[in-house]
Amino acid sequence: MLTYTGHSGSFSGNGRADILTRDATTGEVFVHPGTGKVDGTRTFGAPVLIGTGFAADKDVWVGAGDFTGNGTADIFTLTVEQQAYIYLNKDGLNGLDTLAEPIHVGGKLPEVTYDTIALADLDQDGRTDIIGRQAGTSIIDAIPFAGSVDGTNSFAAPYRLAVIGETDIPVGAADVTGSGGVDLLVLHADGGLSALPLGGDEPPDTETGTWYRIGEGWDQMTVIDVTDLTGDGRPDLLGMREDGTVVAFLNTGGFDPADPASVFADPVVVATGWSNFNAIS
């Protein structure tokens, strides 16, 4: 069953999507540099240690996002106290000197708790926003980035993004359908993965929205990560199986509403032995 969702970025700023991982035992976080092509287990370079002290008993969620719009990935964390922090990228991928000191950017709202979160650039302005499912409901909110990392003023007030099934999990958002706008990616309890186009004056829901079933068997993955492995501007997907095998589903570049699952090619193994990582982004 899915335990983690991710959103990749380029920590070096070279435009290639890297992978951020956290070691479940040590709390160390690593960047696995992307090569810009899918080449089996050579798709990512050797891991670079960029941080320590990110254990899950302190930071329940760790993910990559670009909050400055400068093309380099930062880190977003959510603590066990449901407080959010951003660690800005100082100047590219430089080992333990990659990240600046954490900036507290907010936390649990008085009237709302989110039981799942995901990162995505919802308005396509080059800066990362947050997607959250209100706890115990099927309501999906967007928490838009306000334009600059400015403490607790970094994010604007949440707004309703969509209403999905009660057992559905939002895993991210990307333009899977090729419409020019973003689609909400949703994992269903039966293992199906769907894209729900966003946009219009009213938030889409299970009754009025157009669902495109883009894959099956995703309940066998413990991680789903939205990325762009080849740099072609089209979203690809990564999935990690329970045995620590990571597979890539490359975007074929052709979306057919009559056969939506054909938008992704058959999976290719890009990493093995990653079962010690409990966060991948």
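**Strands, rings and loops in a predicted model**

Student: Which residue of β8 is the bridge partner of Ile86?

Tutor: Strands here are DSSP runs (E, at least two residues), numbered from the N terminus. This is a predicted model, in which local features need pLDDT of at least 70 and side-chain atom pairs count only at pLDDT 80 or more, while totals for chains, interfaces and linings use all residues. Residues are numbered from 1 along each chain as its sequence is written, and side-chain values use heavy atoms, with hydrogens and water left out. In β8, Ile86 has as its bridge partner Ile103.

Student: Thanks! Over how many bridges do β7 and β8 pair?

Tutor: Two strands pair if DSSP finds at least two bridges between them. Strand β7 covers residues 83-87, and its pairing with β8 is antiparallel. The number of bridges is 4.

Student: What is the strand order of the open sheet, and which strands are at its edges?

Tutor: The open sheet has 4 strands, paired antiparallel in the order β5-β6-β7-β8. An edge strand pairs on one side only, which picks out β5 (59-65) and β8 (103-107).

Student: And what does the twist average from one strand to the next?

Tutor: For angles, axes are lines fitted to C-alpha atoms, and values run from 0 to 180 degrees between N-to-C directions. From each strand to the next, the twist averages 25 degrees.

Student: Let's turn to the rings. How many aromatic pairs are there?

Tutor: Rings of Phe, Tyr and Trp (its six-membered ring) pair if their centres lie within 6.5 Å; planes under 30 degrees apart count as stacked, over 60 as edge-to-face and the rest as tilted. By this rule, the count of aromatic pairs is 13.

Student: Is the pair Phe30 and Phe277 stacked, edge-to-face or tilted?

Tutor: The ring centres are 6.4 Å apart. The planes of Phe30 and Phe277 make an angle of 55 degrees, so the pair is tilted.

Student: How many residues apart in sequence are the parts that this pair ties together?

Tutor: Phe30 belongs to strand β3 (residues 29-32) and Phe277 to strand β21 (residues 277-280). The pair therefore ties together parts whose separation in sequence, in residues, is 247.

Student: Are Phe30 and Phe277 buried or exposed?

Tutor: Buried means under 20% relative accessible area, exposed over 50%, and partly exposed in between (1.4 Å probe, protein chains only). Phe30 has 16% relative accessibility, and Phe277 has 10%. Phe30 is therefore buried, and Phe277 is likewise buried.

Student: Which aromatic cluster includes Phe145 and Phe155?

Tutor: Phe145 and Phe155 form an edge-to-face pair, 5.5 Å centre to centre with 75 degrees between the planes. Phe145 is buried at 7% relative accessibility, and Phe155 is buried at 14%. Their cluster is made up of Tyr4, Trp61, Phe67, Phe76, Phe145 and Phe155.

Student: Which residues does Thr116 contact, leaving aside neighbours within four places in sequence?

Tutor: Thr116 lies in strand β9 (residues 114-120) and is buried at 15% relative accessibility. Contact means heavy atoms within 4.5 Å. With those neighbours left aside, the contacts of Thr116 are Ile131, Gly132, Arg133, Ile169 and Pro170.

Student: Finally, what is the positive phi of Gln82, and what is that of Gln124?

Tutor: Gln82 sits in the loop between β6 (74-79) and β7, and it is partly exposed at 27%. Gln124 is in the loop between β9 and β10 (129-134) and is partly exposed at 45%. Although not a glycine, Gln82 has a positive phi of about 60 degrees. Gln124, also not a glycine, has a positive phi of about 55 degrees.
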